[in-house]
Every structure is written in C-alpha cells, then in structure tokens.
Amino acid sequence: MKTTHVDLVIEDERWAGAGLDALAERACGAALAHLGVAGAEVSLLACDDARIAALNEAYRGKPAPTNVLSWPSEERGAEVPGGDPLPPQDLELGDIAISYETCAGEAQAAGRTFADHLSHLLVHGTLHLLGYDHIDDKDAVLMEGLEVEILGKMGIADPYGEAGA
C-alpha cells in the first residue's frame, strides 16, 4: 500500500520535463512514512512565479514570489512551541503550490541539483500540511530536524549544512 497519493496539476509546462510526478510521490511519501501517516492524499500545483506571487499575496499578504506554499485541510499545529502537531483526522491533507523559477534559482544559488532542492521543498510543504511550522525557534528546530532526517533517508544532503539553502 502506498503511503501517499499526489494529485498533480501542472500549470507551467517547464515542470513537464522535471519528473515532478515521481519526485513528488517519493518526497511527500517519505515525509508521511517517516511520521507514520499512511494512505494520505496531497494536491500539488506546479506553477510559475507570477501565479505563486498572486497566491502569496491573496493568502499571506506578501505580493512576491516564494518557493513553496501550503494550505492544510485542517488545523494541526502544536499547542506549545516545539511540540508535535495533532495527528491528521482527514487523510486529504491539503494543497501545496511550488514555483518553477524560484525553485530553479534557489537550487542553482545553493549549488544543489534541481531534484534535490525540489525534494526538500516538497518535504517542507508536506510537513506544513501536517502542522509543522518554523515561525517560533523551537518549532523551526523541530521541523528542520525532521527535514534533515527525511532527506537523509532519501540520500539527500542536509540542506541547512554549510552549503545549505
């Protein structure tokens, strides 16, 4: 049984050659498996900077592109900083949007492969869907530690290390 299903919508054709479908299943699946969540569904929008900037402005009041956004289907955040979020009651976890230009630019600037950086952003977005955050320092330490563990199991170097993003 698969641990996750990613419902992929590609708005920007540059994503078509990036192997996003397989990378998303692997990265989102790795995050969910690491946390013991099976049978979950994630919706993924693969878009460009213009689209993600519009979403970022509409939902966060920030009129600029960003690498990844996420919208959990329910509030799962921890009650105390650094605590574990609530387990999902709904296995339709929510939506993630990711921007091609920002992702590619960040990968190049960090000296990482596009696939590795994309995998990191997908793990990051999936953790957000599960209630993890990085606004508070304690929450950031927990979330980043999970990202490093999950990516390590995938054979991907620590993105927060010396050459990290």
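Student: Which helix gives the most to the lining of the largest pocket?
Tutor: This is a predicted model. Helix 2 (49–60), strand 3 (68–72), helix 4 (114–129) and helix 5 (137–153) each give two or more residues to that lining. With 7 residues, the top contributor is helix 4.

Student: What is the volume of the largest pocket, and which residues are closest to its centre?
Tutor: The volume is about 700 Å³. The lining counts 33 residues. Closest to the centre are Ser70, His124, His128, Asp133 and His134.

Student: How many residues of each class are in the lining of the largest pocket?
Tutor: Sort the lining into nonpolar, polar and charged residues. The count is 14 nonpolar, 12 polar and 7 charged.

Student: Which residue with a positive phi follows helix 4?
Tutor: The phi in question is near 100°. The residue is Gly131.

Student: Where is confidence lowest, and where highest?
Tutor: The protein averages a pLDDT of 93, and 96% of the residues score at least 70. Strand 1 (residues 4–10) is lowest, at a mean of 92. The highest, at 98, is helix 2.

Conventions
Residues are numbered from 1 along each chain as its sequence is written. This is a predicted model: local features need pLDDT of at least 70, side-chain atom pairs count only at pLDDT 80 or more; totals for chains, interfaces and linings use all residues. Side-chain values use heavy atoms; hydrogens and water are left out. On a 1 Å grid over the protein atoms alone, a cavity is a set of points where a 1.4 Å probe fits but cannot get out, and a pocket is an open set with protein on both sides within 12 Å along at least five of seven lines; lining residues have an atom within 4 Å of a point. Grid points are joined across faces, edges and corners, and a volume is the space filled by probe spheres set on the points. Helices (H or I, at least four residues) and strands (E, at least two) are DSSP runs, numbered from the N terminus. Ala, Val, Leu, Ile, Met, Phe, Trp, Tyr, Cys and Pro count as nonpolar, Asp, Glu, Lys and Arg as charged, and the others, Gly among them, as polar. pLDDT is the predictor's confidence in each residue, from 0 to 100.
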